[in-house]
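Welcome! Please take a look at the sequence and the 3D structure below, and keep both at hand as you read.

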Amino acid sequence: MADYQTVDHDVLVIGAGGAGLRAAIAASGAGVSVGLVCKSLLGKAHTVMAEGGVAAALGNVDNRDGWQVHFADTMRGGQYVNNWRMAELHAREAPDRVRELEAWGALFDRTADGRILQRNFGGHKYPRLAHVGDRTGLEMIRTLQDHSIHQGIDVHMECTLLRLFTDSGRVAGALAYDRERGRFRLFRAKAVVLATGGIGRAYSITSNSWEYTGDGQALAYEAGAALQDMEFVQFHPTGMIWPPSVRGILVTEGVRGEGGILVNRHGRRFMFDEIPENYRSQTADSEEEGWRYTQGDKSARRPPELLTRDHVARCILREVREGRGSPHGGVLLDISWIKQRLPDARKHIIRKLPSMYHQFKQLADIDITTTPMEVGPTTHYIMGGIRVDGDTQSSTLPGLFAAGECAAGLHGANRLGGNSLSDLLVFGKRAGEFAAAFARENGLAEIDPEQVDETARAALAPFERGPGNDGQGPYQVQQDLQTMMQDLVGIVRTEAEMKRALEEISRLRERARSVAVAGNREYNPGWHTALDLGNLLTVSEAIARAAIERKESRGGHFREDYPEKDPAGATFNIVIRKGPDGQMRLAREPIREMPAELKKIVEEQK
Ligand SMILES: Cc1cc2nc3c(=O)[nH]c(=O)nc-3n(C[C@H](O)[C@H](O)[C@H](O)COP(=O)(O)OP(=O)(O)OC[C@H]3O[C@@H](n4cnc5c(N)ncnc54)[C@H](O)[C@@H]3O)c2cc1C
C-alpha cells in the first residue's frame, strides 16, 4: 500500500501561472473551497517571464481600436482554424480583465493623460499591449497573487501532479508528489482545472523554463480528454543565440515594437523582401513609413518586422540557410539605430526595454543601445493543447477544465504576441467559474485505491532499478528527445523526417521505461526528470502525429513537402484521443461555421 496524505477540495487548480491564479480567484469567489497546486514556488510560473504586455482593445492610444478589430486580428493571425467563439469572448472581455487587474493594484505604464499606455506588437493592427516596461508578467503575477492570498485558497507549492483519476467517466482527483520530501499527496476534488502551461522543454532551443514539460496536456490525454491542433508550435523569431549557454532565451517582440529592425550580415533589412498577401494592405511600403508607425503616426502602416511570428521566423531561417546569417547562425536585431531619429535614444531604450538592456549586458556583454543583438528562432509556445468548450473551458472529460497555454483554440495556427496574457485572464476566470458551478452540482467521486498504488509504484520504479542495474540516467533520454524534436519536428517539417521522429519516440519510450536514479526521494532532480519523461514523450508524439496529418503549411506549422496553404485546411481541427488499445487516434473534426455577424467583421477588417 502506498503511503500518502489525502486532501479534499471542491475545485483543484493545477498551475499557479496567470491562468491558474485567475481560475482559483474566480472559483473561490464563487464560494467553493479551492486548492492551488504548482510545481515550483508560488510566483515562479512562466507568466512571470512575460515581457511585452497584455493585449486588450482599450483604444487608449488609438481610438480606432475595438473588440471587433482585435477579434479579426486574432483570427487572421491564427489563419482561421481558431475556435472563433473563444476569439470573440477574448476580444470582448480582455479590456475588462485588464481594468480589473488595474483595480486590484497592477501598475501599468501611462499615456500623457494618465491612461494605460499601449504598445505595438506583431499582427495587432493598432497599439494594443498594456505593459509595464518589459516586465508585464511580473506585475501580473504579483497582482494576482496578492489578490488570491486574501481569498482563503490553499496553496500546495512544489507539488507535482502525476496522474488524474476518473470515476464513471468524470474526473475524481489526482495524485501528486511533493518535491521537497518526495511524499505522495492524493487530492480528491469535485472539479479540476488544468493550467499547467506549455511544452517548450520538448525542444532543445526554447524560451521556456524547466517546468514546461507538457504535463497538463499529457495528463488530460491519459485520463481520456481530447487534445487539439498539437502540430501548431510557435517558434518565436527572436531568441538569443550567443553565447551557447543562453541560446533560446527570449528577446521580446517589444524591441521591434519600439522600432527595432532586422538586418542580415550584409546590413540589408530583409523583412521588406517578402510580405504575405493577406497582410500587404496593412504593411508599410518604406522604412520611413514603418518608423512613423512605431512612433504613433496613425496614418502609417506597420513595418514588416511586426508581421506575425511564424512569418518572421521563416524569413530569418531563409537568410541563415541562404548564407546571409550572422556569425553564430542568426540575424541581427538592431534597436541602437534609433539614435539617428531620437535625440535621447539611449535613455529611451533603457526606459522602454530595461530587461533586454540588462539581459544582453549581463549574459552577452553587449550594450543594445550601441550594438545590434544576434537573434534566431526559439521554441516559445504551443497553440494546440487540451480541447475545450469555448464558453466554459470544459474539456471533453466531465469535471475537467483547462485554461491558458495548456488549452487549445483561441490562437488557431499562430498566436499573436500579448494574446496569451489576456487569454489567461479571460479564460482563467471562465474556467474557475464553470469549475465551481460543476463542483456545486456534483459530489466527490470515488478514486480506486488500486490505481493510486499502481501510480505510486510506477513513480518509485526508477529507484528500484538503481544505476548499477543497467539503468540509464533520465537526463540523456531527455536531451536526446529534445535534440531529435528540434531536428525532425522543428520549424521546417517533412513527412520523412517526422516518420523518423515517431520511430525515435518509440525507442526513447523504451529507454525511458528503464531509466534509473540514485539517491533518495528528498529533492531529487534526477528523479523529477525521470517522472517528466513520460509527459514529454506523449506531447512529442502528439505533435509529430498531428504534424504528419496536416498536409499543408499554416501558421506555426510549415511543411517543406506541402509549402502552400490548402483552403480545406481551414475547415478542420486535428483532434487526438487515446484509443482502447492505448494508441493515439487522430480525427479531423470540422470547425463549426462562424455566425454571419462575425464573418462580416472578418470581411470588413480585411
Ligand atoms: C520569456 C517569455 C516571455 C513572454 N512574453 C509574453 C508577453 O509579453 N505577452 C504574452 O501574452 N505572452 C508572453 N509569453 C507567453 C506567456 O507568458 C505564457 O504563455 C503564459 O504565461 C502561460 O501562462 P499559464 O498560466 O498558462 O501557465 P504558466 O504561467 O506557464 O504556469 C504553469 C503553472 O503550472 C504548474 N505546473 C506545470 N506542470 C505541473 C504539474 N505536473 N503539477 C503541478 N503544477 C504544474 C507550474 O508550476 C506553473 O505554476 C511569454 C513567454 C515567455 C517564456
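Here is a short tour of a helix pair, a helix residue and a surface patch. Please keep in mind that this model is predicted.

**Two helices side by side**
- Two packed helices are described by the angle between their axes and the distance between the axes.
- Helix α13 covers residues 474–488 and helix α14 covers residues 495–513; their axes come within 10 Å and cross at roughly 175 degrees.
- Because angles over 145 degrees count as roughly antiparallel, α13 is roughly antiparallel to α14.
- Which residues meet here? On the α13 side they include V477, L481 and M484, and on the α14 side they include M498, I505 and L508.

**A glutamate in helix α4**
- E139 sits in helix α4, which spans residues 136–149.
- Is E139 buried or exposed? Its relative accessibility is 11%, and since buried means under 20%, E139 counts as buried.
- Beyond its neighbours within four places in sequence, E139 is in contact with G105, A106, L107 and V132.
- Take G105 as an example: E139 and G105 are 34 residues apart in sequence, and their C-alpha atoms are 9.2 Å apart in space.

- L41, V155 and M157 make a nonpolar surface patch of about 230 Å².
- One of these residues, V155, belongs to strand β6, residues 154–156.
- V155 has a relative accessibility of 35%, so it counts as partly exposed.

Conventions
Residues are numbered from 1 along each chain as its sequence is written. This is a predicted model: local features need pLDDT of at least 70, side-chain atom pairs count only at pLDDT 80 or more; totals for chains, interfaces and linings use all residues. Side-chain values use heavy atoms; hydrogens and water are left out. Patches are made of residues with over 30% relative accessible area and no salt bridge: like charges are joined within 9 Å, nonpolar side chains (Val, Leu, Ile, Met, Phe, Trp, Tyr) within 5 Å. Accessible areas come from the Shrake-Rupley method with a 1.4 Å probe; for residues, only the protein chains shown count as cover. A salt bridge is a side-chain nitrogen of Lys or Arg within 4 Å of a carboxyl oxygen of Asp or Glu. Helices (H or I, at least four residues) and strands (E, at least two) are DSSP runs, numbered from the N terminus. Buried means under 20% relative accessible area, exposed over 50%, partly exposed in between (1.4 Å probe, protein chains only). Axes are lines fitted to C-alpha atoms, for helices over the stretch in contact, and angles run from 0 to 180 degrees between N-to-C directions. Angles under 35 degrees count as roughly parallel, over 145 as roughly antiparallel, 65 to 115 as roughly perpendicular and the rest as oblique. Contact means heavy atoms within 4.5 Å.
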